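Please look over the sequence and structure below before reading the notes.

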Amino acid sequence: MSSTLTVTGGAPLKGSVAVRGAKNFVTKAMVASLLGETTSRLRNVPDISDVAVVRGLLELHGVRVSEGAEDGELVLDPADVEVAAVADIDAHAGSSRIPVLFCGPLVHRLGEAFIPDLGGCRIGDRPINYHLDVLRQFGAVVDKRPSGIALSAPRRLRGTRISLPYPSVGTTEQVLLTAVRAEGVTELRNAAVEPEVLDLIAVLQKMGSIISVDTDRVIRIEGVDSLTGYEHRALPDRIEAASWGAAALATGGDVYVEGARQPDMMTFLNTFRKIGGAFDVDDSGIRFMHPGGPLRSIALETDVHPGFMTDWQQPLVVALTQAQGLSILHETVYENRLGFTDALVRMGATIQVYRECLGSTPCRFGAQDFRHSAVVSGPTRLQGADITVPDLRGGFSQLIAALAADGTSRVHGIDLIDRGYEHFAEKLAALGAQAVRDEEPARV
Ligand SMILES: CC(=O)N[C@H]1[C@@H](OP(=O)(O)OP(=O)(O)OC[C@H]2O[C@@H](n3ccc(=O)[nH]c3=O)[C@H](O)[C@@H]2O)O[C@H](CO)[C@@H](O)[C@@H]1O
Ligand SMILES: C=C(OP(=O)(O)O)C(=O)O
């Protein structure tokens, strides 16, 4: 089955929604529980499908996962971690990218690991060469097979000196989850320092790790012999929060996002204000508003933290279709994250996609054949359309376009949006949107 949302647009979103823990942190903290000798408790866990996928994979490896006393609390007991059957693991292939982070913890615990083919959003090639290179540096033997990757370690993994070619979030997490129980010290240069990475470091420190985050993207980890479980409240999802902010702006609305946290969203808020959006920060969240009057076009370049997040780009582009003049967009993190604009063009947006780097800094994709820059010309009225969502953020972006558009849209394949947006159809209803979810046979 695949789900469809029928959206009748044209009305501003107004009201309040709450965001819980970040998809891009919670799933990693769940994996970290594999490293502990005792039970972990993770709070503020959202009800999204990526959490369910990681839970299933942990359970296959013998971790007992149950709900805690508090709503959104997971209790993870790793007392009986075991080697899972490859056939069972195979069933998880293709649904999430998190399995690759099981490598270090499983190799420490069991001396071996099998990782299925990865899923996640198709927004580029998404190789895992950095991951495999760092695992080899720690002393793991990596064997690529048709259905996944088998890892083994003839002896305990050893700390090492690593310099990443690019500050990859996932590879930084791979290094952290592996180095904490390796023998000796690991020094990681050119590390990612996204807030979700820092929250993972906080979890690992609670478990007994010794990790310092130095200046200039250098992280030092002193390996220890054993770790305990942790208790932790996940940081809020700054991508979901920004997505609701973008939806408020594009629809001319006013949305209070309970749980949104300003320090993690500074760069988004600056951009939001430059476009002409207004916001108010209080102790419990952020209110995002369209203050009336025309929106302004901007030049926008995505980058690693503290730059403008690539995951914010897709939702915000819809607001740019409503801004006066030409906005220039340069996507520098993923080579193929502008495909979602095709549907926006069908809905009446004027967006031209280019292979050249249109930003101030030439990026890794400039010399290659990737359509990774765009010019958005506005404002244009959007019309409802039949859309099949291409990926998680692109899908939410198209949903925003449907909400801003005149007429009715049918948005197919919204199960992809369930990966990272908790109960979004209910939240839309709470904001006054006319959006009805129904199931239909999968489209082939
Ligand atoms: C589950 C999760 O947390 N996903 C986030 C994570 O993805 P993820 O951790 O997969 O993203 P990375 O930071 O690793 O990827 C950044 C860039 O490095 C490249 N690369 C990465 C690894 C590798 O082995 N080889 C390689 O070439 C990628 O193709 C991409 O061009 O960070 C991204 C960048 O903030 C976010 O958009 C994703 O939402
Ligand atoms: C790209 C994303 O996630 P993933 O890495 O899980 O595909 C995202 O959250 O936008």
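Asn24 lies in helix H1, where helices are DSSP runs of H or I with at least four residues, numbered from the N terminus, and helix H1, which spans residues 23-32, also holds Lys23. The model is predicted, so that local features need pLDDT of at least 70 and side-chain atom pairs count only at pLDDT 80 or more, while totals for chains, interfaces and linings use all residues. Residues are numbered from 1 along each chain as its sequence is written, and chains are lettered from A and ligands numbered from 1 in the order in which they are written.

**Recorded site**
- An unreviewed UniProt entry lists Lys23 and Asn24 under "binding site", an annotation that may be inferred rather than shown by experiment.
- Asn24 counts as buried because it has 26 C-beta neighbours inside 10 Å, the cut-off for buried being 20 or more, with exposed at 12 or fewer, partly exposed in between, and C-beta atoms placed from the backbone.
- Lys23 is buried as well, because 26 C-beta neighbours lie inside 10 Å.
- Leaving aside residues up to four places away in sequence, Lys23 touches Pro46, Ile48, Asp50, Asp237 and Gly420 (C-beta atoms, placed from the backbone, within 7 Å).

**Shell around ligand 1**
- Among the 19 residues around ligand 1, Asn24, Tyr130, Ser168, Val169 and Gly170 come nearest (a residue is near if its C-beta atom, placed from the backbone, lies within 6 Å).
- Helix H5 (129-138), helix H6 (169-179) and helix H10 (310-320) each supply at least two residues of this shell.
- At least three shell residues come from each of domain 1 (2-19 + 236-440) and domain 2 (23-233), with bounds from an automatic or database domain assignment.

Methods:
Two residues are in contact if their C-beta atoms, placed from the backbone, lie within 7 Å.
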